[in-house]
Amino acid sequence: MPRFAANLTMMFNEVPFLDRFEAAARSGFTAVEFLFPYEHPPEAIAERLRANGLTQALFNMPPGDFSRGERGLAALPHRFDEVRAGVETALRYAEATGVKRLHLMAGLADPADPAARDAYRRAVVHAAERLAPAGLDLVLEPINTRNMPGYFLNDFGAAAELIRELALPNLKLQFDLYHCQILHGDVTMRLRALMPMVGHVQTASVPDRHEPGTGEMDDAFLFAELDRLGYDEFVGCEYIPAGNTEAGLSWFAPYRRA
């Protein structure tokens, strides 16, 4: 049975961020993820995890100035020093929280631009090699350009090709069911083909990015398929509740911890 991680950036927004850990645990989640922890000291995040018996499943490395539209720095030429500094910041939070995987956002760039491709490759190699001694995986996530216009890594095939080419043992694919359906469709067959390199899975309904089971995909079938494929890591609930978070958790009842 899949193990789900509540995404605290999107879910439980009825309460302040640090209070969302308790809300997630009270609702039956055993793990959490979020986009970025950097507005809070690592010790504060770690304490909320411990107090509520939660596992940290994932978070992103610093993305640049998110409030001003930056969506990662890895594919941006001349920003490598900031990427490198961001890796070190993320490692401090990883040590405090016990997370086992970190996501490196690519940024807004043309995937056909040789300079952007070289910058991205350099950043990915550096981050993966820096994370390896700490026993951490680096995950790469293709993101659809409807939600994030101009995003560099917008193709699951391109992500898989790079992961195969680099052949770094701790470099994995972050497979978001929502993004895959919008970008390519044929989600089940792509899961089957790419599962050997998958390090993290996320879910949301399509097209509105609300609770699983409320859109065009058969989410319950896909969750069962993850079991059939032997996936035993967390599934991040990176969806926007259609209303009150707790009121929308009926989909979660079959998977909720006792």
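**Entry 1: the annotated span**

UniProt positions are given here in the numbering of this chain, and such annotations may be inferred rather than shown by experiment. I am working on a predicted model. I looked up the record and found an unreviewed UniProt entry that annotates residues 21-253 as "domain: Xylose isomerase-like TIM barrel". I then checked that span in the model: 38% is helix and 14% is strand, and its end C-alpha atoms lie 19 Å apart.

**Entry 2: helix α5**

I listed the buried residues of α5, which runs over residues 156-166, and got F156, A159, A160, L162, I163 and L166. These sit on the same side of α5, because the arc they cover around the axis is only 160°. The general rule I keep in mind is that an α-helix has 3.6 residues a turn, so residues three or four places apart point the same way.

I asked what the buried residues of α5 pack against. The partners are helix α4 (114-131), strands β5 (137-140) and β6 (171-176), and helices α6 (177-183) and α7. On the face turned away from the buried side I found the exposed residues E161 and R164.

I also looked at both ends of α5. The N-terminal end is capped by D155, with a side-chain oxygen 2.8 Å from the backbone nitrogen of G157. Just after the helix, A167 takes a positive phi of about 55°.

**Entry 3: salt bridges**

I counted salt bridges and the structure holds 13.

D19 and R48 meet through their side chains at 3.2 Å, N to O. This pair links distant parts of the chain, 29 residues apart: D19 is in the loop between β1 (3-7) and α1 (20-26), and R48 is in helix α2 (residues 42-51). D19 is partly exposed at 33% relative accessibility, and R48 is also partly exposed, at 29%.

R192 and E225 form a salt bridge with closest N and O atoms 2.7 Å apart. The two are 33 residues apart and join helix α7 (residues 187-194), which holds R192, to helix α8 (residues 219-228), which holds E225. Which side is buried? E225 is, with a relative accessible area of 3%, while R192 counts as partly exposed at 42%.

R79 and E82 form a salt bridge with closest N and O atoms 2.5 Å apart. I noted that R79 is buried at 19% relative accessible area; buried means under 20%, so R79 falls within the cut-off. E82 is partly exposed at 39%. Both belong to a network of salt bridges that also includes E70.

**Entry 4: cysteines**

I searched the whole structure for disulfides and found zero. C180 is in none, and its nearest cysteine sulfur is that of C237, 18 Å away. I checked from C237 as well: the closest cysteine sulfur is in C180 at 18 Å, so the two are too far apart for a bond. C180 is buried at 0% relative accessibility, and C237 is buried with a relative accessible area of 0%.

**Entry 5: T203**

I then turned to T203, in strand β7 (residues 198-203). T203 is buried, with a relative accessible area of 0%. What does T203 touch, leaving out residues up to four places away in sequence? I listed L177, P212, D219, F223, V235, G236, C237, E238 and Y239.

Methods. Residues numbered from 1 in each chain as written. Predicted model: local features only at pLDDT ≥ 70, side-chain atom pairs only at ≥ 80, totals over all residues. Heavy atoms only, no water. Helix = DSSP H or I, 4+ residues; strand = E, 2+ residues; numbered from the N terminus. Buried < 20%, exposed > 50% of the residue type's maximum accessible area, 1.4 Å probe, protein only. Contact = heavy atoms within 4.5 Å. Salt bridge = Lys/Arg side-chain N within 4 Å of Asp/Glu carboxyl O. Disulfide = S-S within 2.5 Å. Arc of directions from axis to C-beta. Polar contact = N/O pair within 3.5 Å; in protein donor to acceptor, adjacent residues only side chain to side chain.
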